[in-house]
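These are my notebook entries on one protein. I set down what I looked up, entry by entry.

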Amino acid sequence: MLLSKANVLICFMLQGFVIDEEVAVRESKLRDDLKADVEFQIKDGAMVEVSQYNPPFTLPFTRRNEIALEVEWRKAIS
C-alpha cells in the first residue's frame with residue numbers, strides 16, 4: 001500500500017516474534033484507546049498493518065516490530 005502525505009498512522013512497538021494473538025490484543029487496545037482520544041479517530045475501513053524490521057535469525061529480545069492503524073482528525077462539532 002502506498003501512503004500519501006495525508007495518511008496518519010498510530011503505531012505500537014512490539015519486541016520478539018509477532019504472533020496473531022498478540023497482534024489481536026494490541027489492535028484491540030489501540031482501538032479502545034482511540035475511542036477516548038479527542039483529536040483522532042480510526043479511519044473507516046482501517047485494517048491493522050504489521051511491520052517487521054528484522055531478519056528471521058535476529059534474537060527475539062532485539063527484534064523490532066510495529067502494528068499500525070490509519071487514523072484521521074476528528075471533525076469539530078459546531
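The entries go from the whole chain to single residues.

Entry 1, basis. I am reading a predicted model, where local features need pLDDT of at least 70, side-chain atom pairs count only at pLDDT 80 or more, and totals for chains, interfaces and linings use all residues. Residues are numbered from 1 along each chain as its sequence is written, and side-chain values use heavy atoms, with hydrogens and water left out.

I found one helix and four strands, in the order β-α-β-β-β from the N terminus. Helices (H or I, at least four residues) and strands (E, at least two) are DSSP runs, numbered from the N terminus.

I located Glu70 in strand S4, residues 65–73. Is Glu70 buried or exposed? Glu70 counts as buried because its relative accessibility is 12%. Leaving aside residues up to four places away in sequence, I listed Asn7, Val8, Leu9, Ile42, Lys43 and Ala46 as touching Glu70; contact means heavy atoms within 4.5 Å.

I saw the charged end of Arg64 over the ring of Tyr53, 4.5 Å from the ring centre. The rule asks for NZ of Lys or CZ of Arg within 6 Å of the ring centre and within 35 degrees of the ring normal.

How values were computed:
Buried means under 20% relative accessible area, exposed over 50%, partly exposed in between (1.4 Å probe, protein chains only).
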